[in-house]
Amino acid sequence: MRRRTGVALIAAGAVLALCCGGGAVAAVVAWTGADLDTTGKVDFRNALAVPPLAESRVDGEGRRVFDLRAQEGRTDLGQGRPTRTWGFNGDHLGPTLRAKRGERVLVNVVNGLAEPTSVHWHGMHLPARMDGGPHQEVRPGATWSPTWTVDQPAATLWYHPHPHGQTARHVQRGLAGMFILDDEPTRKLALPHDYGTDDIPVIVQDRSFDGDGQIEDGGGTGDTVLVNGTVAPYLDVRTERVRLRLLNASAARTYSFGLSDGRRFTLIGTDGGLLPAPHDMSRIRLSPGERAEIIVAFRPDERVTLRSYPADLDNPVTDRFGGGRDTLDVLQLRTESNLAPSPAVPAALAPIERLDPGEAVKTREFTLSGRQINGKKMDMSRIDAVVTKDTTEVWEITKEDGTAHSFHVHDVQFQVLSVGGAPPPAELSGWKDTVLLAPNETVKIIARFADYADPDVPYMYHCHVLKHEDAGMMGQFVVVEPGQKAGRPATHGDHESHG
């Protein structure tokens, strides 16, 4: 499936190799064999697995209670033998958690693995002690039970491990799942909402395997694409319109999703929820951690492929090693002869109150280069920024090296003010928690840090290319009450977990 390039690119790889010291030969091989094109080569033989909705109950305090157990398993990932995997409540990946705005939730996270892990609620607004970052480590055999009130708009979020220095390995083994939030205004809109029928989770990941059919844990791009843990997947479409909740849960790869026949689709939502109005598009680019909700219209008796096109990462090295020139067939969509009718997409979706830069109390600058932010690697005992509760800040993030970085901020959903000094495109016009950075380009964001303060327990900001995060491209901020000073975080996990 890999295709070699010509003499000119071999020469370019050799030049690159000269800059790589002892890795010269490996660099040439990687450079000259980096492009991947699976167009028309995937047989789409397996029905798409749809993660089950997680069972829940309401306890005596009125909390919606979920139970998640991280465990080892074995899964058929198309390697001719079972692959050792990890999952929540099963062999691979996890169920979809679903809750409504205003509900108080409690999640009992049991670690059935032989090593510590954690569970981060990516995109969720919640107290720092419940965030599931590296400070909320769950020891083997222990249970961690975070609880919080859902207080944000309907959105497609997700959950995944966040152990310090080990996130890529844990996610690539299979620990990930969706967390869907609902609210009453969104529920009343004429949008596809029947989970598993016309409202489909699409968790996209890439993997590489060794000669024994086991997952390689390097944290780079892979040559096998999985959707919801399914190799070569197809989806039987039964309605005229389908809502696809796209999640880039890959460790490093950026995708540029589109349809194989060039048809356009409707973008209705991004990381933090619905947009004010739908946008007609033919491509949506998602870096690791980003989400998008799109609606695709279909006709009877047709087959169309969800494909990832070259992502154009604006740097030859990044394009090579980050998969920016790859073309990947992801999911085949097969329609039936008789499709149930679907209403047209509403012209108005969810209003967004725009944050005012004039109300920002501080502007911070963050520079990403190598595996550092502002020249520093992650230190669990160091607080890098102190934010006052119920204030608004502007953050200016600049990438100064040639590799792909996606910037994620815990706790808040932010708004993008500008990209390289220009207004953000449609796909960056809504609520976001993760954004792709181009080389030597500044992305300016604005966020309000409301509701929760804790001087001792930090939130994270980091690159969501997981091997970069693990190598130290991460910082910590605390939110404090007015006039309060930062404390000192624990360095060996949160002690609220219990055995």
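Analyst: A residue is buried under 20% relative accessible area and exposed over 50%; partly exposed is what lies in between. The model discussed here is predicted.

User: Why is S145 called partly exposed?

Analyst: Its relative accessibility is 27%. Buried requires a value under 20%, and exposed requires one over 50%.

User: Where does S145 lie, and which side chain does it contact?

Analyst: S145 lies in the loop between β8 (143–144) and β9 (147–149). The side chain of S145 makes a polar contact with the side chain of N108, at 2.7 Å. The limit for such a contact is 3.5 Å, and 2.7 Å falls within it. S145 also has L106 at 6.4 Å, C-alpha to C-alpha, although 39 residues separate the two in sequence.

User: What makes T224 count as buried?

Analyst: T224 has 15% relative accessibility. The cut-off for buried is under 20%. T224 therefore counts as buried. The residue is found in strand β13. Its side chain is joined to that of D223 by a polar contact of 3.4 Å.

User: How do you know that a contact between T224 and D223 may be counted?

Analyst: Residues adjacent in sequence count only if both atoms are side-chain atoms. Here the contact joins side chains, at 3.4 Å. The distance limit is 3.5 Å, so the contact qualifies.

User: Which way do the residues of β13 point?

Analyst: T224 and L226 point one way from β13 (residues 224–227), while V225 and V227 point the other way. All of them are buried.

User: What makes β12 and β13 a pair?

Analyst: Pairing needs at least two bridges. β12 (residues 199–207) and β13 are joined by 4 bridges and run antiparallel, so they pair. One of the bridges has V204 facing V227 of β13.

User: How do you know that β13 pairs with β14?

Analyst: The two strands share 2 bridges, in the antiparallel sense. V227 stands opposite T230 in β14. β13 and β14 form a hairpin with 2 residues between them. In the turn, N228 has a positive phi of about 55 degrees.

User: Why are D198 and Q413 called buried?

Analyst: D198 is at 14% relative accessibility, and Q413 is at 13%. Buried means under 20%. Each value is under the cut-off, so D198 and Q413 count as buried.

User: Where do D198 and Q413 lie?

Analyst: D198 lies in the loop between α4 and β12. A340 is 142 residues away from D198 in sequence and 10.0 Å away in space, C-alpha to C-alpha. Q413 sits in the loop between β28 (405–409) and β29 (415–419). The side chain of Q413 makes a polar contact of 2.8 Å with the side chain of D433. The Q413 side chain also reaches the backbone nitrogen of K432 at 3.4 Å.

User: Why are β5 and β7 said to stand at the edges of their sheet?

Analyst: The sheet is open, has 4 strands in the order β5-β11-β10-β7, and shows mixed pairing. β5 (97–100) and β7 (120–122) each have a single partner strand, so one side of each is left without a neighbour in the sheet. The twist averages 25 degrees from one strand to the next.

User: What makes β7 and β10 a pair?

Analyst: They share 3 antiparallel bridges. At least two are needed, so they pair. In β10 (residues 155–160), the bridge partner of H122 is W158.

User: Which residues lie nearest the centre of the largest pocket, and what is its volume?

Analyst: The volume is about 760 Å³. There are 31 lining residues, with R101, D151, Q152, P153 and W431 nearest the centre. α4 (184–187) and β19 (273–281) are the elements that give two or more residues to this lining. By class, the lining has 13 nonpolar, 8 polar and 10 charged residues.

How values were computed: Residues numbered from 1 in each chain as written. Predicted model: local features only at pLDDT ≥ 70, side-chain atom pairs only at ≥ 80, totals over all residues. Heavy atoms only, no water. Buried < 20%, exposed > 50% of the residue type's maximum accessible area, 1.4 Å probe, protein only. 1 Å grid on protein atoms, 1.4 Å probe; cavity = no way out; pocket = protein on both sides within 12 Å on 5 of 7 lines; lining within 4 Å. Points joined across faces, edges and corners; volume = space filled by probe spheres on them. Nonpolar A, V, L, I, M, F, W, Y, C, P; charged D, E, K, R; others polar. Axes fitted to C-alpha atoms, helices over the stretch in contact; angles between N-to-C directions. Polar contact = N/O pair within 3.5 Å; in protein donor to acceptor, adjacent residues only side chain to side chain.
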